[in-house]
Amino acid sequence: MTYDYRHTGRISIDLALTGGEGPAFARFEVIPTPADLDAWLAQSDLGIPRARATEDDLVVARALRWAIWHAVGAAIDGEPLRRADVRAIEDAAAAAPLLPRIAGGWRDPTARSALSTIARDAIALFADPEQRGRLRRCAADNCIVPFYDGSRPGRRRWCEDRRCGDRHRHRTHRQRQKEPA
Ligand SMILES: [Zn+2]
């Protein structure tokens, strides 16, 4: 099974967009098995070719993404983060993170260390009011995907330009063509 992974520019949010718990989120699931977590890690911005995730890693990944998903929503809505979400993120960050190599890539990367790195990205995001204030929801009508606006002016509108941005431009272009000159 090949999936269409999300690349919003912030790894902790990308993990949160790999699916969720309960029937409403089932159709968004892209990491149902440890092998799927490996595939996601390989395609993610971390680029880990063979993470060899275990069932335990998968449990950590799913708990972490669910906590990030809820924490992002709370941050966007200006609400305090739930204690359980904070704990799940900090628990995932307690393991040793990925070790970057001078020549690029990671030294002996594992799924668990990747999840720690992702959890630490989430902590950096939520701990800093400046970064927290750059969390937004996509402006497209039929999209609720959150993203981190890392642009300097802070006026990014779309979760991903190649998805919602392109769709918006196509639609406005068609509308302009329909209007009488
Ligand atoms: Zn979108």
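**Ground rules.** I number residues from 1 along each chain as its sequence is written. Because the model is predicted, I take local features only at pLDDT of at least 70 and side-chain atom pairs only at pLDDT 80 or more, while totals for chains, interfaces and linings use all residues.

**Overall fold.** I looked up the secondary structure and found seven helices and two strands, where helices (H or I, at least four residues) and strands (E, at least two) are DSSP runs numbered from the N terminus. Along the sequence they follow the pattern α-α-α-α-α-α-β-β-α. The C-alpha trace spans about 60 × 40 × 35 Å along its principal axes. I then checked the radius of gyration, taken over C-alpha atoms against a globule rule of 2.2 Å times the number of residues to the power 0.38; a compact globule of 181 residues would have a value near 16 Å, and the protein has 18 Å, which agrees.

**Burial.** I call a residue buried if 20 or more other C-beta atoms lie within 10 Å of its own, exposed if 12 or fewer, and partly exposed in between, with C-beta atoms placed from the backbone. By that count, 34% of the 181 residues are buried.

**Helix 2.** I asked which residues of helix 2 (residues 34-43) are buried, and they are Leu37, Asp38, Trp40 and Leu41. Seen down the helix axis, these buried residues fall within an arc of 165°, so they line one face of helix 2; the arc is that of the directions from the helix axis to the C-beta atoms. They pack against helix 3 (55-76) and helix 5 (111-127). Ala35, also in helix 2, is partly exposed, with 14 other C-beta atoms within 10 Å.

**Helix 5.** I find 13 of its 17 residues buried, so helix 5 is largely enclosed by the rest of the structure.

For Ala114, leaving aside neighbours within four places in sequence, I list contacts (C-beta atoms, placed from the backbone, within 7 Å) with Leu41, Leu46, Ile48, Ala51, Leu98 and Pro109.

Methods. Two residues are in contact if their C-beta atoms, placed from the backbone, lie within 7 Å.
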